Amino acid sequence: MTRENSRRRRKARVYFRLTIAFTLIFALIATGVISALWFSGNLSLPGTGKNSVMQSSYVNALLLGVDADGYRTDTIMLAQFNLLDNTIHVLQIPRDTYVDIGKVDKKINSAYGYNKEKQLFKEVEYVLPGVNVDKYIMIDTKGFREVIDAIGGVEMNVPINMYYNDPVQNFHINLKKGTQVLDGKKAEQFVRFRQNDDGTGYPNGDTDRVKAQTEFMNAAIDKVMSIKTVFQIPKLISIVTDNVKTNFSAKEIAKYAPMALKVNPADIVFLQLEGEGQYLPSPFGYKLSYFVPYKEKTKQIIAEHFTPSADEVNAQEIAIRDKLIGDSSQEMKVGEEPILKEGFFNRFTKVDILDGSDGTANVDAIIQKIEAQGYRVTDVNSTNGVVYPTSKIIGKKDNGHPATITAVIGATSYLINPSKTGNTAVTVIVGKDMASKE
């Protein structure tokens with residue numbers, strides 16, 4: 001076998017190992033399972049009480065997929081959980097990313113085998129200047145398959161016929177086009193597919209492949225993040241324990257998991273490091289294929305998506321926000337129901353307002369709209385540094401008043417939280433989406 005054929009064989013073997021979907025789903029499962037236990041009272045850990053001590057406003061962690069030998073991280077993603085606005089940004093770092101800081105092969109995916117997570121943290125921070133990371137979650141493909149089976153599979157529309165065989169890995173893909181429920185084995189085939197044996201594949205290549213993977217992730221997240229699913233399948237707990245490795249402590253997981261469980265899948269943003277493939281000299285006497293990031297584009301991504309507006313936040317403010325929104329709140333859409341007209345009985349419905357727009361919204365105008373319907377705005381306060389990108393309307397009962405207030409201020413959905421505390425029937429948290437509204 002020639003050297004070139006050998007290299008192509010190695011490249012084919014390592015490509016079909018892990019994908020972006022494996023790690024993300026496992027990270028969410030890990031937080032979801034433990035959150036469910038936490039809320040049900042089956043998990044009790046010391047030192048997790050709420051207080052007013054300042055804490056970091058975000059959490060950075062690497063989501064990793066390791067190969068069968070446990071040396072190379074062929075899936076590397078930076079995930080940032082923003083505690084202020086309950087969003088998660090995920091940046092995929094290609095496994096062949098060029099990192100020139102001492103190792104022989106200069107590829108980022110060999111960092112873990114070189115000096116475990118310490119070296120990997122160092123190389124990620126080299127690629128993403130200004131980003132600090134010291135936490136990781138690592139998974140394998142076996143666990144991925146087991147989880148998909150445990151949640152009953154994921155319904156997907158397979159866009160094309162997929163047929164591929166790799167005798168070296170004993171890995172085979174055989175999926176027919178059409179809508180179907182993918183079990184663990186078929187789900188692995190779906191997310192790992194790139195092209196057929198005859199060279200055909202997605203019409204737009206990697207663009208369509210990423211789109212298909214994202215659609216699968218969204219469908220899987222919807223199912224995994226369901227509390228009902230978690231409670232119905234306790235086997236998930238043992239799957240996570242057996243297949244997830246992390247340096248998050250039990251105390252840290254218990255702290256962040258309840259917050260992570262509340263993240264709306266629409267607020268999970270997927271990004272890719274931008275750059276180009278290049279063949280560069282190597283110590284082995286021949287050129288190797290690398291991914292070289294665009295430096296200016298990388299700086300732009302970091303500035304826009306991984307630089308929070310505040311480094312620290314008062315922990316008590318986050319606790320108040322979580323209590324107000326509630327663990328069991330339900331999101332409701334403003335539908336065709338008629339808006340309650342201004343009338344005598346509306347004045348018995350008290351409303352309070354919290355300005356979470358960082359001062360960008362015209363709160364007085366919002367108050368006028370609400371009071372024009374006859375409601376009593378009894379209290380107006382600030383969220384004291386907790387910024388909301390979108391407004392939240394929280395009602396204790398779904399009796400028409402929350403929907404009416406939502407509609408008159410120009411929002412589209414509201415939350416019903418039967419355990420809502422306070423002496424008002426409806427709370428309006430004004431977000432930055434109201435900044436341009438008068």
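Predicted model: local features only at pLDDT ≥ 70, side-chain atom pairs only at ≥ 80, totals over all residues.
View 1. The chain holds 13 helices and 20 strands. It has 438 residues, and 48% of them count as buried.

**View 2. Phenylalanine 121 and tyrosine 136 form a tilted pair.** The whole structure contains 4 aromatic pairs. In this one, the ring centres are 6.4 Å apart. The planes meet at 55°, so the pair is tilted; edge-to-face would need over 60 degrees. Phenylalanine 121 belongs to helix H3 (residues 111-127), and tyrosine 136 to strand E5 (residues 136-139). The pair therefore ties together parts that are 15 residues apart in sequence. Both phenylalanine 121 and tyrosine 136 are buried.

**View 3. Phenylalanine 193 and tyrosine 202 form an edge-to-face pair.** Their ring centres lie 5.5 Å apart. The planes stand at 80°, so the pair counts as edge-to-face. Phenylalanine 193 is buried, with a relative accessible area of 0%. Tyrosine 202 has 8% relative accessibility and is buried too.

**View 4. The charged end of lysine 107 sits over the ring of tyrosine 290.** It is 5.6 Å from the ring centre.

**View 5. Lysine 135 lies over the face of phenylalanine 248.** The distance to the ring centre is 5.6 Å.

Notes. Residues numbered from 1 in each chain as written. Heavy atoms only, no water. Phe/Tyr/Trp six-rings, centres within 6.5 Å; stacked < 30°, edge-to-face > 60°. Helix = DSSP H or I, 4+ residues; strand = E, 2+ residues; numbered from the N terminus. Buried < 20%, exposed > 50% of the residue type's maximum accessible area, 1.4 Å probe, protein only. Lys NZ or Arg CZ within 6 Å of the ring centre and 35° of its normal.
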